[in-house]
Amino acid sequence: MLLYAQWPAAISRLTVDHIEETAGAIRIHLGAVPVELPAPVAELALQQVAVRRSHAVLARTDSPWLFPGGQPGRPISARAMGERLRKLGIRLAEARSTALFQLATELPAAVLARTLGIDITVAVKWQRAAAGDWASYAADVSERTPPRPG
């Protein structure tokens, strides 16, 4: 969530198939294009795949869910995932906004949308908020009339 601006509902629906290891790189599929995880997060992701368990079951589970829920065969609920994050001191909306803002400064809107699985219009809005809409700004400046001398 802190890196890739995902809501608890999206995180809770991740399966082990969303994590892939190829040629030493660990990637997560959030949208159409997988994202490479940085080293510390990649290690945590692999650990979660290997040792995932639900809060109701103490042993490892064969569930396909990356974060199994209390009911067999079901993922953790978005509410429970959000509660776990809040207990860690993560403010959900603020953390997501911060992550989206940072990513929007680094990536074109089309890449942001495909990578995070968000709508292109949302990605464009975030990019404009993060980097400014320079095309609109330039157009506004060019349409201004020069001030009249005194």
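Helices here are DSSP runs of at least four residues in state H or I, and strands are E runs of at least two, both numbered from the N terminus. With that in hand, welcome to this predicted model.

**Stop 1: the whole chain.** Show the protein chain as a cartoon and you will find 7 helices and 3 strands. Of the 150 residues, 32% count as buried. Among contacts in the chain with a separation of 6 or more, 46% link residues 24 or more positions apart.

**Stop 2: Ser12.** Next, select residues 8-12, which form helix 1, and pick out Ser12. Is Ser12 buried or exposed? Its relative accessible area is 4%, which is under the 20% cut-off, so Ser12 is buried. Show its side chain and look for the backbone oxygen of Ala9, which the side chain reaches at 2.9 Å. Then display the residues Ser12 touches beyond four places away in sequence: Trp65, Phe67, Pro75, Ile76, Ser77, Ala78 and Met81.

**Stop 3: helix 4 against helix 6.** Finally, select residues 92-106 (helix 4) and residues 120-131 (helix 6). Their axes come within 8 Å and cross at roughly 80 degrees, so the two helices are roughly perpendicular to each other. Show side chains for Ser97, Leu100, Phe101, Ala104 and Thr105 in helix 4, which meet Trp126, Gln127, Ala129 and Ala130 in helix 6. Color this contact by residue type and you get 6 nonpolar, 3 polar and no charged residues.

How values were computed: Residues are numbered from 1 along each chain as its sequence is written. This is a predicted model: local features need pLDDT of at least 70, side-chain atom pairs count only at pLDDT 80 or more; totals for chains, interfaces and linings use all residues. Side-chain values use heavy atoms; hydrogens and water are left out. Buried means under 20% relative accessible area, exposed over 50%, partly exposed in between (1.4 Å probe, protein chains only). A polar contact is a pair of N or O atoms within 3.5 Å; within protein, one must be able to donate a hydrogen and the other to accept it, and residues adjacent in sequence count only if both atoms are side-chain atoms. Contact means heavy atoms within 4.5 Å. Axes are lines fitted to C-alpha atoms, for helices over the stretch in contact, and angles run from 0 to 180 degrees between N-to-C directions. Angles under 35 degrees count as roughly parallel, over 145 as roughly antiparallel, 65 to 115 as roughly perpendicular and the rest as oblique. Ala, Val, Leu, Ile, Met, Phe, Trp, Tyr, Cys and Pro count as nonpolar, Asp, Glu, Lys and Arg as charged, and the others, Gly among them, as polar.
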